[in-house]
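Let's take a friendly tour of this fold, looking at its charged pairs and at the elements they join. Have the sequence and the coordinates at hand.

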Amino acid sequence: SCTIAATDDKSEFLPLNVYKENMEKNLKKLNYKWLEEGAQMINGCKVMYLDFITLTGMVNVHQNMWFVMSPQGQTQVVVNYDHAENKYWKHIIKEIRNTFEING
């Protein structure tokens, strides 16, 4: 699945550790394997991202989250897919990240 939400709210997103702690504390007890996280500035926009796998016991769900703060407002993008289909989705994730870098 892919979800994109945008608003003209210009406030900052919370630090990434807040999102991580809330997922670990408030969701059904699942195991998370954190792969990558970070932030970068692109053409005046701050882009934060989380990349992780949720180990559900049945399937491993690969998840990518981007939090984009720009002078126009906030955007959040969340992509979830079965980790077994990584060979397809890895390329889509790369292009989403490239789109932020090119059009940010």
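K46 is partly exposed, as its relative accessible area of 26% falls between the 20% and 50% limits. In this predicted model, the side chain of K46 meets that of E12 in a salt bridge, with 3.6 Å from N to O. E12 sits in the loop between β1 and α1 while K46 belongs to strand β3, so their contact ties together parts 34 residues apart in sequence. E12 itself counts as exposed, at 55% relative accessibility.

How many salt bridges does a search of the whole structure find? There are 2. The other joins E37 and K20, whose closest N and O atoms are 2.5 Å apart. Here strand β2 provides E37 and helix α1 provides K20, so the pair links parts that are 17 residues apart in sequence.

| Residue | Relative accessibility | Class |
|---|---|---|
| E12 | 55% | exposed |
| K46 | 26% | partly exposed |
| E37 | 39% | partly exposed |
| K20 | 17% | buried |

Now for the sheet behind these pairs. Its 5 strands form an open sheet in the order β1-β5-β4-β3-β2, with antiparallel pairing. β1 (2-7) and β2 (31-42) are the edge strands, each pairing on one side only. On average, neighbouring strands are turned by 10° against each other, direction ignored.

β2 and β3 (residues 45-55) pair in the antiparallel sense over 11 bridges, and K33 stands opposite I53 in β3. Helix α1 (residues 16-26) packs on the sheet, where it touches β2, β3 and β4 (60-70). The direction of α1 makes about 160° with that of β2.

Notes: Residues numbered from 1 in each chain as written. Predicted model: local features only at pLDDT ≥ 70, side-chain atom pairs only at ≥ 80, totals over all residues. Heavy atoms only, no water. Pairing = 2+ DSSP bridges. Helix = DSSP H or I, 4+ residues; strand = E, 2+ residues; numbered from the N terminus. Axes fitted to C-alpha atoms, helices over the stretch in contact; angles between N-to-C directions. Contact = heavy atoms within 4.5 Å. Salt bridge = Lys/Arg side-chain N within 4 Å of Asp/Glu carboxyl O. Buried < 20%, exposed > 50% of the residue type's maximum accessible area, 1.4 Å probe, protein only.
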